[in-house]
Amino acid sequence: MTALSFEKLRLHSGQIAAGALILGFWGLARLPELPAHEQRAMAQRFHFKESPLPAVSGPAHQFIRKVHPDLEHIAAWISASGAFVALNDFDRDGLANDVCYVETRTDQVIVAPAPGTGERYRPFTFEPGKLPFDQASIAPMGCQPGDFNEDGRTDAMVYYFGRSPILFIQQPTTPAETGFGPARFAVQELVPKVERWYTIATTMADIDGDGHQDLYIGNYFGDGSRLLGGGSRETGRPAGGWMQHSFSRGNVNGGSQRIYLGKGTGQFAEAAGFEGEMARSWSLAVGAADIDGDQLPEIYVANDFGPDRLFHNRSTPGRVRLVSLEGERTLTTPTSKVLGKDSFKGMGIDFGDIDRDGRLDMFVTNITQPFGLQESNFAFINTGNLAAMAGGLAPFTDRSEALGLSRSYGWGWEVRLNDFDNDGELEALQAVGFLRGTINRWPELQEAATGSDELVANPATWPQLVLGDDLSSDRPNPFFVRDSRGRYFDLAKDIGLGRPRVSRGIATADVDGDGRLDFATGDQFTTSYFYANQSPKNGQFLGLHVLLPPAGQAVGSHKVRSGHPGADTPGRPAIGAEATLELPDGRKFISQIDGGNGHAGKRAPELHFGLGTVSAGTPVRVALRWRDGEGRVHRDRFELTTGWHTVVLGPTHASKKEM
C-alpha cells in the first residue's frame, strides 16, 4: 500500500467505522426470514372457507356516525368502534354454532346460525323493547353471552356507546312454542337507573369466588358525555375534556371501570369501585384467568393511552379486592416493555400456553404501524414465580421480539391464541385495521400523538379524521404460525387470508363438531365474515364441554360421555374451570374456560386441545379444577380418549371452601 493510499484510508477511517457499525446494527435488527420451502409446507396445513355473516333487513347503511358538533372534524375517530362478534350455543342444540354480532352499518345486534350450520331459525335482532332508548345517540358495541340466571340457557348482555347495558334473559319454552327467535328473550336493565356509559370491554368470571358469575364492565369515553347524535354545542360537554389527557398517560378522564357481582338469578349488584388511575382509565380490552391456581381469576385490563394493569385477585365472597401487580425490569428491558409500566395502546388480550410449559401466558396487542406509531405487541411469558405475586410482582416477562410476535405492521385489536391445525402448537390470529379511505392521515395523527399532553384533551387541537380519510387499512389480519425453531411467522397471505381488513373482534368455536376450530371476525363499517376450518387433519384433538348443573339441580356424581351435550343435557358452562392434559410423552397442556376475554370478540366456552402426533383413541389423562355453585373448589382426574367429551360435574371428596 502506498503512503498516499494509507493516508486516504486514515482520513476516512471514521466514516468506514461508522459504516461498519451501521451494517452491524442493521444485521442485528433484521428480522429472520422463513425459507420458502418451509413457508409453503407450513401454509399447506391451513385452509378456511370464507362466508359473510347473515344479515337482517334494517336501516340504510351508514359509514360514519353523527356526532356532537364539537367532534364533527374527528367523527371518524369517534365512530371507529362497534364491530363485534361472538360464537355460542343460543338455541341449545349442543354446538356453539350461533353467532351474535354487531352490524355497524345499521347498528343492529344480530343473532343467526353460523354459515354452513343449517337454517335452524331465522336470523333476528336484539331490540330494547319498551326500555328507554334513543336511537340517534346510542350505538351498540357488543353482545356478551352468558347464563346469567344459571338455568342452562344462554342469555346475552348487549352494551352500548351512550347507554348502560341491557340484559336479554332466555326464557323456558312452552309446549305451544315453535322455533327460536326474539320472543324467547325477556329484556331487563343491568342497573336500576339508566346511565350514559361508553362501554367497550366486558368479560364474565366468578371474581369474588362465591360460585356465581360476575361481570367486568370497561367504559371508554367519560361517563355522562354526549358524543353521538349531534345536538347543541352546550350539551354533554365533559368537564375533564372530550378526549384523553395524553396519548401515553391519559388515564385520568376516561370511562369508569365497574364490577357487578352476580347472584345467580339474573340480577347483579355493583361492587366497590376502583380507586386511583384505574377509576377513569380508557380501557379497550379485559381478560380474566386464574394465574396462581386458587380458582380466583386475575384480571388484565388493556388500557388505551396509558399503562395496562394486571390485578392479583384476593377477593372473598361479596367483597372484591384486586391488587395491582407490576413486572420486574432488568438491565436490558426497556421500561415500556415491563408489565404495568408500558406507555403503549393496549388493544386486545388473550391467555394461552404459548411456550407449552403447562403455565398460562398472555398476548397483548398494540399499534405497530411502520412510519406511524411503531409500538410493540407483548408476549408475556409466565416465569412460574407465583410466590412473588404476594409481594406485588407480576411473574411475566415479555418475549414478543424473540418469538416473532412483537410486530404485526398495523393497528392491532383482538387476538386469539388457538390451535387451528391440531398440531399441538398455538397459532395467533390478530385483528388489524382502523379506517378505510383514500387520504392517508398518519402524518397528522403522528404529529398529534407526539404533541403536548395539555392540548390532547381538547378536540379542537386534533387533526381532521372524517369519512374518506385512511389509517392502517392496507394490512390483512395476521395469522402467526410457529416454525420448527419456535419462532412465529405471519402466513395470512399464504393461506388465503391476505385481503386487507378493518377488523375489530374475533370469535372462535368448533361450530360443526369436527374437531377443527372455526372463527368469525367483526369488521367496522363493512361485511363481517365467518371462516369454516377445512384444514387437512394434521393431528388429533381432545375437546371438553365442562358443565355445572343448572341452579337447584343436584348431580349425584360426574356424568362423562363422548360427544357434544345435545339439547337434552342440562347444564351451564363452568366458566373459569381449568383442564391440564398429560400426554403420553410427558408434555402438559393447559387451558381455562373463557367467559368473554378480549376486545370485541367472545370465543365459545369450550376447551379444545390439539394433540399433534398422538394416535386416535389414545388415553389422555386430564386434571380438572373448578369452583362449584356454592364457591367450593374441586379437583379431579379423568382418563379420556381423543375427540369431544361432555362432563357434567358432580360433587367430589377433594373439595374445600376457598376463603
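1. The side chains of Arg-625 and Glu-578 meet in a salt bridge, with N and O 2.7 Å apart. Arg-625 belongs to strand β38 (residues 620–627) and Glu-578 to strand β34 (residues 578–582), so this contact ties together parts that are 47 residues apart in sequence. Both Arg-625 and Glu-578 are buried. The model under discussion is a predicted one, and the points below should be read accordingly.

2. In the whole structure the count comes to 37 salt bridges.

3. Arg-499 and Glu-50 make another salt bridge through their side chains, at 2.6 Å from N to O. This pair links distant parts of the chain, 449 residues apart. Arg-499 sits in the loop between β27 (488–490) and β28 (503–509), while Glu-50 is in strand β1 (residues 48–52). How accessible is Arg-499? Its relative accessibility is 36%, so Arg-499 counts as partly exposed. Glu-50 has a relative accessible area of 37% and is likewise partly exposed.

4. A further salt bridge forms between Arg-258 and Glu-270, whose closest N and O atoms are 3.1 Å apart. Here the partners are in strand β12 (residues 257–262) for Arg-258 and strand β13 (residues 268–270) for Glu-270, so the parts tied together are twelve residues apart in sequence. Is Arg-258 buried or exposed? Arg-258 is buried, because its relative accessible area of 13% is under the 20% cut-off. Glu-270, at 40%, is partly exposed.

5. The structure holds one disulfide. Cys-100 and Cys-143 are the residues joined, with an S to S distance of 2.3 Å. The two cysteines come from distant parts of the chain, 43 residues apart: Cys-100 is in strand β3 (residues 98–103) and Cys-143 in strand β6 (residues 139–146). A disulfide is a covalent bond between the sulfur atoms of two cysteines.

6. Why is the disulfide of Cys-100 and Cys-143 called right-handed? The torsion about its S-S bond is about 110°, and the disulfide is right-handed for that reason. Cys-100 has 0% relative accessibility and so counts as buried. Cys-143 is buried too, its relative accessible area being 0%.

7. Two backbone angles deserve a look. Most residues other than glycine have a negative phi. Asp-107 has a phi near 55°, a positive value in a residue other than glycine. Asp-107 lies in the loop between β3 and β4 (108–113), and its relative accessible area of 21% makes it partly exposed. Arg-356 is also a residue other than glycine with a positive phi, near 55°. The place of Arg-356 is the loop between β18 (348–352) and β19 (361–365).

8. The last point concerns a helix residue. Leu-455 is found in helix α7 (residues 453–456). Its relative accessible area is 46%, so Leu-455 is partly exposed. What distance separates the C-alpha atoms of Leu-455 and Met-243? They are 9.7 Å apart, although these two residues are 212 residues apart along the chain.

Methods:
Residues numbered from 1 in each chain as written. Predicted model: local features only at pLDDT ≥ 70, side-chain atom pairs only at ≥ 80, totals over all residues. Heavy atoms only, no water. Helix = DSSP H or I, 4+ residues; strand = E, 2+ residues; numbered from the N terminus. Buried < 20%, exposed > 50% of the residue type's maximum accessible area, 1.4 Å probe, protein only. Disulfide = S-S within 2.5 Å. Salt bridge = Lys/Arg side-chain N within 4 Å of Asp/Glu carboxyl O.
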